[in-house]
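Thanks for making time for this.

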Amino acid sequence: MKILLVKPYPELLVAKRLQEGFLHLEPLELEIVAGGVSREDEVFILDLSIESNPLEFFLNELVRISPDMVGFSGYSTNVDVIKKLAKMVRNYDQYIITCVGGVHATLLPQDYAVDQIDIIVRGEGGTVIKEMLRRFKKGETLHYDNRALSPKDPDFEAKTKLAPPVYPSVEEIPRPRRYLVQRSKYFCVWTSSQSGKLDTMFPRVASLRTSIGCAFSCSFCVIPFLMHGKYLQRSPIDVADEIAAISEEHIYFVDDEMFLNPERVARIAELLIERCIKKKYISWARSDTIVKYPEVFRIWKKAGLELIYVGLESMDKIRLDEYSKRTDVETNGKAIEILKQLGITLHATFIVHPDFTRDDFKRLEKEVKGLCPAEVTFTVLSPSPGTTSWYDNKKIFICDPYRFYDCMHSVLPTRLPLKRFYQHFGRLNSLALRSNPIRVNKIKIPLKDLYRAITGGTKYIFSLYNIYKDYLTDKRW
Ligand code: B12
Ligand code: SF4
């Protein structure tokens, strides 16, 4: 059997500019799904997000490979593109099985109940594809329990109302088949250097997941709806083995919250040190975790952790409480200090609220200047489809809440007129770019990287200033 797995392309300019200029990660989700396909079957991955002409490329590959099954992955923002691609498959050959998985399929499977999609997979996909292929070969139906749904199943509606399935145990989840993608295409901007220079600012990077889920439930986050508070952890040995087998020197941990269990993460770092696995790492961590377990980050620094994304979200107590972040301004400040002392570069992320006034933007600009040198990025508070706050706000969305769900386009009404809002948003991002460690610490980088950073950064900022124009292309506007 031939299985073709497809990652859709981004439609909005900001998303394209982000991945051209700053980071573009491998489709780990599809590599893991591919891991569930038996060796007697053939599996291919198409990452349409790296193609300049994705539709033409997709059609050509569809004809060339002539698969028996096509599987799509996607976030909420990709729903329409996935339906379009599935229709192309149907028009090409009505006997090809089409299936879709990923975050949105898990949250709102009913959105994929269209003629061109046969199976909707909820939750972990590597184990599900294995079972689906086994069933196919036995001539059984491909849909089963609430993990693989068929819109044609009389119980479909009822099954969509069930909570997403709990992930299988981590040992059952297959390892990613990384070699199925063009590895040279994936990179992440790197601004951390101990020596004052970098061979490249855009190193190749591999993604790796050591845990799934999170014990917290911040009001703006979708993870509680996907994982229901479950936190699944891979064993330190398993993680260290996978890292050792990766050829890239730089690794991006894509865990929702990697550091919640200090013993486990400390042991991973110890193993990396003991086994002399020398790589550089980026991860996310909560500010309170950094404050609670500074020694864990010290050992991770030794193991190669160079950059940490911290969701500071706000330096305002009222906002932090509103977001149910369960941290406070003081803790944010302490975490920043600890990272400075340890020599780990901070990547701070803040939430821009649609309610922001000119003064709120100015206050945040001041915070950014205070953090310098650091990487700083921003998202606009946007309720994710399928969450309580999405249903609560359904009546007031100002645009298509799927297509524009990129946490950059406000889907909620803004207090400032949109053009003004995005002028401030663009300015904020531009200020943040100028505060980055490469510039502030005068880190030496190759000239071609400097050129790439300036052009990529300028194009990105330009696209942010112009976000307000995208609303004109929306049918609701
Ligand atoms: C790393 C990451 C990124 C990376 C990109 C990763 C990539 N591969 O391109 C970066 C930092 C660039 C990024 C950007 C964005 N991200 Co992001 N990201 C994540 C994060 C933290 C991990 C994703 C990951 O790699 N998971 C590991 C894989 C292995 O797990 P998985 O995706 O769940 O896949 C499994 C199953 O879903 C299933 N499955 C998946 N696909 C398929 C397909 C088939 C056929 C089958 C059978 C099964 C199946 O099997 C997989 C294997 O176990 C998630 C959080 C999360 N838990 O999902 C957020 C998350 C996916 N991102 C999110 C968002 C909103 C974005 C942005 C739109 C906004 C932003 N500014 O951050 C942008 C847009 C990017 C884009 N390309 O369009 C949201 C999506 C919410 C939603 N409703 O869609 C999430 C859930 C974060 C959150 N807490 O809200 N992101
Ligand atoms: S934002 Fe981070 S800490 Fe909060 S629920 Fe989501 S993953 Fe957990």
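Ring pairs link Phe356, Phe361, Phe404, Phe421, Tyr422, Phe425 and Tyr471 into a cluster, where rings of Phe, Tyr and Trp (its six-membered ring) pair if their centres lie within 6.5 Å, and planes under 30 degrees apart count as stacked, over 60 as edge-to-face and the rest as tilted. Before going on: this is a predicted model, in which local features need pLDDT of at least 70 and side-chain atom pairs count only at pLDDT 80 or more, while totals for chains, interfaces and linings use all residues. Residues are numbered from 1 along each chain as its sequence is written, chains are lettered from A and ligands numbered from 1 in the order in which they are written, and side-chain values use heavy atoms, with hydrogens and water left out.

The structure holds 21 aromatic pairs. One of them, Trp284 with Tyr309, is tilted, at 4.8 Å centre to centre and 40° between the planes. Trp284 belongs to strand S13 (residues 280-284) and Tyr309 to strand S14 (residues 305-313), so this pair ties together parts that are 25 residues apart in sequence; strands (E, at least two residues) and helices (H or I, at least four) are DSSP runs, numbered from the N terminus. Trp284 is partly exposed, with a relative accessible area of 27%, whereas Tyr309 is buried, at 8%; buried means under 20%, exposed over 50% and partly exposed in between, with a 1.4 Å probe and protein chains only.

Phe361 and Phe421 form an edge-to-face pair, 5.4 Å centre to centre with 75° between the planes. Since Phe361 lies in helix H15 (residues 358-371) and Phe421 in helix H17 (residues 418-434), the pair ties together parts that are 60 residues apart in sequence. Both Phe361 and Phe421 are buried.

Rings also meet charges here: the charged end of Arg286 sits over the ring of Phe216, 3.5 Å from its centre, which for CZ of Arg or NZ of Lys requires being within 6 Å of the ring centre and within 35 degrees of the ring normal. Arg452 lies over the face of Phe187, at 4.8 Å from the ring centre.

Finally, which residues lie nearest the centre of the second largest pocket? They are Ile344, Thr345, Leu346, Pro373 and Asn441, out of 17 lining residues. Helix H14 (329-342) and strand S15 (345-352) each supply at least two residues of that lining, and the largest share, three residues, comes from H14. A pocket here is an open set of points on a 1 Å grid over the protein atoms alone, where a 1.4 Å probe fits, with protein on both sides within 12 Å along at least five of seven lines, and lining residues have an atom within 4 Å of a point.
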